[in-house]
Amino acid sequence: MSHIRWHEHIILGASLTTFFSFFFAEWWRTLSAAAQLLQPDTPSFLLLCLLLLAGALIVQIVAAFMHINRPTQTTTYGLLGSALLIVAGCLAAVFAFGARGVGSWLALGSQVVLLGTVWRLAPEFVPRLLPSREDGLQRLLTVWSSHVRRAQDEGKQFALLSVHTIRPLTYTERETLRLHLRLHDDFLAVRDGLWVLIWDTDYHGALRAAEHIQALLRSMFALSSRIGVGLYPTDGESLAAVAMAADQAVLQTYEEGAAPIAAATPPGVNDAALFLRRRWAPILVEALQANVPVSVLAVRTSRRLSSHEMEMLKRELRARDEVFAVRDGLFILLWRASREGAHFVANKVRTILAAHRIESWVGGVPETFTPTRLADELLQAWHLAETADDETPIRVAEVAMFE
């Protein structure tokens, strides 16, 4: 849904009409005097009409090319702007010279509608006229406040994505992005990116949406981006708090070696286990087909790891190994790792974390082969990590033999 509303056009037209009616008083007297010299039936008047109509038609053709990749339901405002330009140009040409009474006010009204429409729709077509991120945030808090009330009434969650890009998105790019969002999702364009609201979603849905948006910007527009994810009500009870959390998450992505997508609050263990069952399933299927042992580790830490520490840990693992952060630690998937290999990596991870003064306890389930049971295995590994103590900081289960 566009952030341009019909009532804004009405208010804009009324206020501008009042202002410009006084501003153009002397201007209209001058045109009235000139109308005595230039009669409506003269060739000069007809030429003026043709020139203005040709200019309006050119605008219409340009608008048609701008909307060529958009579906019918998204062309409302573009066609409205083009139609108003044509009507305003024709009325101005017909009534600007030689008109009296109602025609004078009609001509003045057409001029006001033309100026108001161009002024209001210009930010949609000229990226440099988009609001700054601070101004966009203020508009966001006003326009999207209803989402908070709706979420409270219906018991829903929503995610707010703060998308930073190296340049503003053009009108065509924004409308293409709109096609890839759901009906109840929304976005607000600013000079250095976007604010995107993903309705009725959890952490995993928000992360998938962020990955989808980032892939779309990169593949279709060759535009790199960094995205911060804030969740309501996890990261705040108000839209402002969630927006601040999303912006803080973006700052984490600018750390050296950090991932381009960051969440203000990582998921809990249960949510992460369900999410990873789908995300890591292709790896397990490949391991099963190649008859390669795969193990999972759950690492419980004394504090949350920063993005830099996570990237540092990833560099110490092999290329095929996977790491995923949770609220109180992280999960690790080890490619080609038996029980002995899992125990070796667990010792290595504890040594790395200890060098950064982070206490850790590790639980592991070796030789995992069944994707549908991965969530249970991750929770089992986490349970082992919770039961570990300083005397036995690593607890690796017996070889998992799931059917």
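**Entry 1: the model**

I am working from a predicted model.

**Entry 2: α9 against α11**

I looked up how helix α9 (residues 203-221) sits against helix α11 (residues 269-279). Their axes come within 11 Å and cross at roughly 40°. Angles under 35 degrees would count as roughly parallel. I therefore log α9 and α11 as oblique to each other.

Next I listed the residues that meet. From α9 I noted His204, Leu207, Arg208 and Glu211. On the α11 side they meet Asp271, Ala272, Phe275, Arg278 and Arg279.

**Entry 3: salt bridges**

How many salt bridges does a search of the whole structure find? The search gives 11. I went through some of them.

I took Lys156 and Asp200 to begin with. Their side chains meet in a salt bridge, 3.6 Å from N to O. This pair links distant parts of the chain, 44 residues apart. Lys156 lies in the loop between α7 (145-154) and β1 (158-165). Asp200 lies in the loop between β3 (193-199) and α9. Lys156 has 29% relative accessibility and counts as partly exposed. Asp200 has 38% and also counts as partly exposed.

Then I turned to Asp185 and Arg182. They form a salt bridge, with the closest N and O atoms 2.9 Å apart. Buried or exposed: what is Asp185? At 4% relative accessibility, Asp185 counts as buried. Arg182, at 46%, counts as partly exposed.

I also looked at Asp321 and Arg318. Their side chains meet in a salt bridge at 3.2 Å, N to O. Asp321 is buried, with a relative accessible area of 10%. Arg318 is partly exposed at 41% relative accessibility.

**Entry 4: strand β9**

I asked why strand β9 (residues 360-365) is largely enclosed by the rest of the structure. Six of its six residues are buried, so the strand is largely enclosed.

Which way does strand β6 (residues 294-301) run relative to β9, parallel or antiparallel? They run antiparallel, and six bridges join them. I picked out one partner: Val299 bridges to Val362 in β9.

I then followed β9 to strand β10 (residues 394-396). Three bridges join these two, which run parallel. Here Gly364 stands opposite Val396 in β10.

Definitions and conventions. Residues are numbered from 1 along each chain as its sequence is written. This is a predicted model: local features need pLDDT of at least 70, side-chain atom pairs count only at pLDDT 80 or more; totals for chains, interfaces and linings use all residues. Side-chain values use heavy atoms; hydrogens and water are left out. Axes are lines fitted to C-alpha atoms, for helices over the stretch in contact, and angles run from 0 to 180 degrees between N-to-C directions. Helices (H or I, at least four residues) and strands (E, at least two) are DSSP runs, numbered from the N terminus. Angles under 35 degrees count as roughly parallel, over 145 as roughly antiparallel, 65 to 115 as roughly perpendicular and the rest as oblique. Contact means heavy atoms within 4.5 Å. A salt bridge is a side-chain nitrogen of Lys or Arg within 4 Å of a carboxyl oxygen of Asp or Glu. Buried means under 20% relative accessible area, exposed over 50%, partly exposed in between (1.4 Å probe, protein chains only). Two strands pair if DSSP finds at least two bridges between them.
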